[in-house]
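These are my notebook entries on a few local features that I looked up.

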Amino acid sequence: MTTFAVRPGSSRRLAGTGTLLRFALRRDRLMMPVWIAVNALMVLSMPNTLEGLYGTPAERADLIRQMGTNSSLRAMVGPVFDDSLGALTAWRVGVYAGALAAVMSLLVVVRHTRDEEESGRQELVASGMVGRRASLTAALLAAAVANGVLALLLTVGLAGQGATGALALGLGIAGAGMVFATTAAIVAQLTESARLARGLTAAVLGAAFVLRAAGDSATDDGSSALTWVSPLGWLENLRPYADERWWVLALLAGAVLLQGAVAYGLAGRRDVGMSFLPTRPGPASGRLGSAGALAWRLQRGGVLGWSVGFLLAGVVYGGMTEGAADLVGDNDGARRIFERMGGRSGLTDTFLASMTGMLGLVAALYIVASVLRLHGEETSGRAEPVLANAVGRLRWAAGHLVIAFGGAALLMLLAGLGLAAGYGKETGPVLGACLVQVPAIWVIGGVAVLLHGVLPRAAAAAWGVAGAALLIGWVGPALDVPQAVLDISPFGHLPKLPGGSMEWGPVVVLTGLAVVLVAGGLAGLRRRDMTT
């Protein structure tokens, strides 16, 4: 049991918070700016894009009319409340920006709470002049700083569309991020594993998105009870640039305060390293008799969660293909954006190609997370007992890498099957379009392996690489950036399927590049000292 070297009392329980906050911000000096930049650029790029797509009042009126009758697209992006550029920006990316802020926040909080306890560092910190709730407070403050910077950038960047609406949108997105920061704080007290804490909080976020989507598909004004159950639905019903409902911010603030109080109450009733839901002990032999079996045991929950998500996403995107074609059909600007993302072909094929490309970009996040599980096992000290036995470093790493790279291929296979099921047409072309994304995903994973093997202290930079690819692939076509910029991402070199012609050259080159990167990373891992 850990002994805290501070006296009881509310002020003493927070002793050392400032120092821990500075340490947290220092540790996240790379991850936070990347997440903030991707999110801010996604939002700030929208007004110019939308002005090119819907430049006249007639085009905007037609958009509102079509969204009122297209339930599948409302489920994807929500209802439209006004025809101004600011309101259209909030409609198009508001929910997604809130979800990205939520992911950033849950990663920050879990990293500086349960991750620290799981690694044993928190026990060393707690033995000094540090209060019982200082670590939790510092983690929540770090998330608040990140969300505050994001809100400031959005408010300033969108002020030209209207300062009031910009402030509402910025505060709403930051508020959604903080809601899930406090959710993660509660889950981190309940679970004994940082991996499980991240997974459960992400599941809550996924449920919030599904509830909002189901509610929006049923009504065209955000009034469904299902929409109001979801914090993302609150963000939508804040209605930036459309007669703002400022009282909705009270819902976000109330949820943050309530969940924060629960997290603080739980944190004061357990010992460091313990949890209210202890991990079920597993077998020490048999199924865990090899390094590969251990890697599968550690990562199987994540693989299952991502697999279900990609299958469902494929079904949803496939089901809205015809509706998207109807909406974009007469809009030359929207058609050009989809063509840059998916190639020149029939509009339906172009939409499917752009959606498979987006799923590939998201799968790049999975492979980075899976590869960096190696880094987590190493720095936490759990890899050392495994390597002390008759298990070499390459064999240990291979178990995790097979799951990372094979899992990425599995995700795209399931996404393709989901798209085909939702679309209800030929399976082969859609499935091939998804699988052709795999070499580019493997290149991103190869970069993560190389960084972990050669520069382990900079391994987190792999998130920046994946974020840059996501930013280029998502925002680049809408901003009409030069093709040379799009080609920086490995996804920019893939054939645009379905509809386009299959080109094996880029696929082979990208696969070979991934092999070289992985080999370089494993060579570095074999020669360097293990880190802790």
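How do the residues of the lining of the second largest cavity divide into nonpolar, polar and charged? I noted 10 nonpolar, two polar and two charged, where Ala, Val, Leu, Ile, Met, Phe, Trp, Tyr, Cys and Pro count as nonpolar, Asp, Glu, Lys and Arg as charged, and the others, Gly among them, as polar.

Before going further I recorded that this is a predicted model, in which local features need pLDDT of at least 70 and side-chain atom pairs count only at pLDDT 80 or more, while totals for chains, interfaces and linings use all residues. Residues are numbered from 1 along each chain as its sequence is written, and side-chain values use heavy atoms, with hydrogens and water left out.

Helices here are DSSP runs (H or I, at least four residues), numbered from the N terminus.

**Loop between H13 and H14.** I found Tyr241 in the loop between H13 and helix H14 (248–267), with a positive phi of about 65 degrees although it is not a glycine. Asp243 lies in the loop between H13 and H14 as well, and has a positive phi of about 55 degrees. Most residues other than glycine have a negative phi. Tyr241 counts as buried because its relative accessibility is 11%, whereas Asp243, at 71%, counts as exposed; buried means under 20% relative accessible area, exposed over 50%, and partly exposed in between (1.4 Å probe, protein chains only).

**Helix H3.** In H3 (residues 46–53) I listed Met46, Pro47, Thr49, Leu50 and Leu53 as buried. They cover an arc of only 160 degrees around the axis, so they are on the same side of H3, the arc being that of the directions from the helix axis to the C-beta atoms. Asn48 and Gly52 are exposed on the other side of H3.

**Met530.** I placed Met530 in the segment after helix H25 (504–527). Met530 and Glu378 are 152 residues apart in sequence and 7.0 Å apart in space, C-alpha to C-alpha.

Technical notes. Helices (H or I, at least four residues) and strands (E, at least two) are DSSP runs, numbered from the N terminus.
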